[in-house]
Amino acid sequence: MRQALLTAPKTIEWHELPSPQPGAGELLVRVRAALTCGTDLKTYRRGHPKLRFGPFGHEAAGDVVAVGRDVKDFKPGDAVMWVQTAPCGQCDACVNGAENLCEHIFDEIALGAYADYIVLPRAIVRRNVFKKPVGLSYIEAAFLEPLSCIVHGWNVLRRANAQRPLPQNVAIIGAGTIGMLHLLYAKHAGVRATVIARSAPRMELARTLGAEEIIDARELESAAAPPRFAAVIECAGMVETWQQALALTRPAGRTLFFSGLPSGSEVPLDATRIHYEEITCLGAFHFTPADVREARDLLIAGRVPVRPLVSAVVALANLPDVFERLDRRQGYKYALIPEPAAPEWV
Ligand SMILES: [Zn+2]
Ligand SMILES: [Zn+2]
């Protein structure tokens, strides 16, 4: 099998390995489609505080080819979708219902999706692997992980207001894949969505995906009286956009800081508005198994049509070229197919 390793910033190496055998509780899966992700690009550019260099890629779907001892729920031939982590269920965070913050969530990650085969560890097989129905393509199924993050963000928003779990309207700052997934979720939830974007093609895509309103970020900077929204979701990842997110939140509204900033970042926020206007500031990180199941159901039901978010479908062998393109800001999300003879939307 081929296995792509990220060995240093901007260095992808191919290794030829014998295909692995699944241990107890594990699954050996033939990857049918893998997706690139913003986290992968960050790691490619400069490494990642929580992820080591090594087997690369984490968003994928495929077919089970062998099962380890004690696996009862899956058999060879099953098409599956999964996420790359699972909580332990026993640490303080897990016991207190914050499984997304499990102390052991990154102990055993299913990394190495840019390969012909991948082994899924026992903890993931137990909680975060699901059968993929025939009607859902492998590429769409591979959106399970990013969509789980989006679902988690919306569940954080919901919990922050018991009287009105869903906001009347939402502004989404940033029109990358994550911003667009928030837009698709807002459409599904029936929440009026405004997208704040910078590039013309992304504004066009936001329009196609059903944004009620699109605002050019540059116009907003010079606006005398900026609009205000019941909820603002920040997905651009800059100190300025964190501040903008609060500025665009109306009194009694919710600001969701969805994108992470480099560690050590400090953001000056308008304390007067947070206090006297009762603005709820929220963070969202990762997802719980319940979020993953909700995301799975949305994908299977076709409630979140993700196809327009794929920039191109490419043979796995072109992975280094794909990351060079992403590094040059060409495209947002690529689907990599190990078997190039397979039809585009496998
Ligand atoms: Zn991802
Ligand atoms: Zn835990």
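## A parallel sheet and its helices

Let's start with one pairing: Thr194 has Glu213 in β11 as its bridge partner. This is a predicted model, in which local features need pLDDT of at least 70, side-chain atom pairs count only at pLDDT 80 or more, and totals for chains, interfaces and linings use all residues. Residues are numbered from 1 along each chain as its sequence is written, chains are lettered from A and ligands numbered from 1 in the order in which they are written, and side-chain values use heavy atoms, with hydrogens and water left out.

Strand β10 (residues 192–197) pairs with β11 in the parallel sense over four bridges; two strands pair if DSSP finds at least two bridges between them. Helices (H or I, at least four residues) and strands (E, at least two) are DSSP runs, numbered from the N terminus. Helix α6 (residues 177–189) packs on the sheet, where it touches β9 (169–173), β10 and β12 (229–234); contact means heavy atoms within 4.5 Å. The direction of α6 makes about 165 degrees with that of β9. Helix α7 (residues 200–208) lies across β10 and β11 and runs at about 170 degrees to β11. For these angles, axes are lines fitted to C-alpha atoms, for helices over the stretch in contact, and values run from 0 to 180 degrees between N-to-C directions.

The open sheet has six strands with parallel pairing, in the order β11-β10-β9-β12-β13-β14. Because β11 (213–216) and β14 (280–283) each have a single partner strand, one side of each of these edge strands is left without a neighbour in the sheet.

## The zinc site

Now to the metal: Cys37 (SG), His58 (NE2), Glu59 (OE) and Glu145 (OE) coordinate the zinc ion (ligand 1) at 2.1 to 2.5 Å. Donors are N, O and S atoms within 2.8 Å of the metal (3.2 Å for Na, K and Ca); water is not among the atoms, so sites may look incomplete. Glu59 in strand β5 (residues 59–67) and Glu145 in helix α5 (residues 144–159) are 86 residues apart, a pair that links distant parts of the chain. Along the chain, the donors follow the spacing C-x20-H-E-x85-E.

Both Glu59 and Glu145 are buried (under 20% relative accessible area, with a 1.4 Å probe and protein chains only).

## A loop residue with positive phi

Lys10, in the loop between β1 (2–8) and β2 (11–16), has a phi near 60 degrees, a positive value in a residue other than glycine.

Conventions
Buried < 20%, exposed > 50% of the residue type's maximum accessible area, 1.4 Å probe, protein only.
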